[in-house]
Amino acid sequence: MVLCALRRQLLRSGSRCGTWTRLLQRPSSGCVYSSTDGFNHQEIREKLQAFPGGSIDLLKQDSGIAVLTINNPSRMNAFSGSMMVDLEERVTQLENWTGGKGLIVQGAAETFCSGSDLNAVRAISNPQDGMKMCMFMQNTLTRLVRLPLISVALVEGRALGGGAELTTACDFRLMASGSVIQFVHKHMGLVPGWGGAARLVRLVGSQNALKLLGGAVKVDPELGLHIGLSDEVLEAQQEAEGVVTLLQQAENWLSRYTKGPAPVIQAVKKVVLSGRELPLSDALRTEKDVFGTVWGGPANLQALASKPKHK
Ligand SMILES: CCC(=O)SCCNC(=O)CCNC(=O)[C@H](O)C(C)(C)COP(=O)(O)OP(=O)(O)OC[C@H]1O[C@@H](n2cnc3c(N)ncnc32)[C@H](O)[C@@H]1OP(=O)(O)O
C-alpha cells in the first residue's frame, strides 16, 4: 500500500521514470488506493470474506499462458465477496510468475460473469461499504491490467455489469458467437465502479462509451467488432481430430502474440502499457528503461548470432 502512495507521489511530481518502471515491476505496486485514501485493505478483505461462494481458479501452463476461471455457475458466475478476495490473490500469483507471457480470463460453464453477487450487493448497499468494495476491485483490476502478460477475455454467454467491466481489464476481448457484453449498471441505478467506465472510454471512445452506458446496450459480437470492443468472433469449429473448444481457439489466437521468450513478451507488454498510461515524455523514459532490460540479453544475442532475414 505504501508503494501505491509512493507511485502516486512520483507521478504527481513529474516522476523520474526509471523509478516508475521499477515500481511497476514490483508485485502489487500497480494499485490505485492506499491508506492515505482511507482505504483499509484488511478491513474490506474481512468484510468481503463474509459473503462466500464460488472461486477464482488459476491454471498456469508450461506454454506461458495461464487460464483464470470465474467459477460460480449456480449464480451465472456472479462475484461473491470471497471471489473478490480470491481474484486479488490470483493476481498476486500472476505478478510473481516470472515465466508468464499470456493470460486468458474465462467463465465456467459456458457463460462469462453476471457481475456482483446481488445477495452481497443487497447486504452492503450502504454507500460506505460500496465505496470500499469499489476501491478494492479497482485496485485488483488495475493490477490485472498492469500485469506484464498479454491478456484476453474469452467471452462466452453473458458478461453483465461487473462482468462487462472485467472484460475491459484485459488487453483483448474474444467474443463467442451468441455472447453479449452489457453494462447493465443503469438498470441497477448504478454506474460502473470497478474502473470499467474509465477503461471503456479508452477502448471505444467517449461517444460509444456514453451510448453503451447510457443505453445499457447489449453488445453482440458484430457490434463489438464494429466499435472496437471485441477483437475477434469465435465460432464453434470442427476439425478432423474433433471439436476445437473455444478455450483452444483463444489459446491459438493468443499464442500468435506470446511466441518467444518470456522476458521479451513481458517487455512488449510493459512498453505498450506505459505508452497507454503515461504522458509521452514519461512513456519514452520508461521505454528506454525496458529496452535496457532486453538489449544484449539472451534472446537479442541469439537473434544476432543467427543472421536473421525478416522476409
Ligand atoms: C458491479 C455492479 C454489478 O455487477 S450489479 C449486478 C449486475 N448483474 C445483474 O443484475 C445480473 C442479474 N441476473 C440476470 O439478469 C439473469 O440472472 C441472467 C444473468 C441474464 C441469467 O438469466 P437466466 O439464464 O434466465 O438464469 P437465472 O436468472 O435463472 O439465473 C440462474 C441463477 O443465477 C442467479 N444469478 C444470476 N445472476 C446473479 C447475480 N448477479 N447475483 C446473484 N445471483 C445471480 C439467479 O438468481 C438464479 O439463481 P436461482 O436459480 O434463482 O437460485
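The model is predicted.

**Stop 1: the ligand.** Select the ligand and its surroundings. Now show backbone atoms and look at the ligand's oxygen atoms. From serine 74, a backbone N or O atom sits 3.2 Å from a ligand oxygen. Serine 116 places a backbone N or O atom 2.9 Å from an oxygen of the ligand. For glycine 162, the distance from a backbone N or O atom to a ligand oxygen is 2.9 Å.

**Stop 2: H4 against H6.** Select residues 81-95 for helix H4 and residues 127-145 for helix H6. Their axes come within 9 Å and cross at roughly 25°. Angles under 35 degrees count as roughly parallel, so H4 is roughly parallel to H6. The crossing is left-handed. Show side chains next. H4 contributes Met84, Val85, Leu87, Glu88, Val91, Thr92 and Glu95. H6 answers with Met133, Phe136, Met137, Thr140, Leu141, Arg143 and Leu144. Colour this contact by class: 9 residues are nonpolar, 2 polar and 3 charged.

**Stop 3: H3 against H6.** On the H3 side, pick His41, Glu43, Ile44, Arg45, Lys47 and Leu48. They meet Asp129, Lys132, Met133 and Phe136 of H6. By class, this contact holds 4 nonpolar, 1 polar and 5 charged residues.

Technical notes: Residues numbered from 1 in each chain as written. Predicted model: local features only at pLDDT ≥ 70, side-chain atom pairs only at ≥ 80, totals over all residues. Heavy atoms only, no water. Axes fitted to C-alpha atoms, helices over the stretch in contact; angles between N-to-C directions. Helix = DSSP H or I, 4+ residues; strand = E, 2+ residues; numbered from the N terminus. Parallel < 35°, antiparallel > 145°, perpendicular 65-115°, else oblique. Left-handed = near helix turned anticlockwise from the far one by under 90°. Contact = heavy atoms within 4.5 Å. Nonpolar A, V, L, I, M, F, W, Y, C, P; charged D, E, K, R; others polar. Polar contact = N/O pair within 3.5 Å; in protein donor to acceptor, adjacent residues only side chain to side chain.
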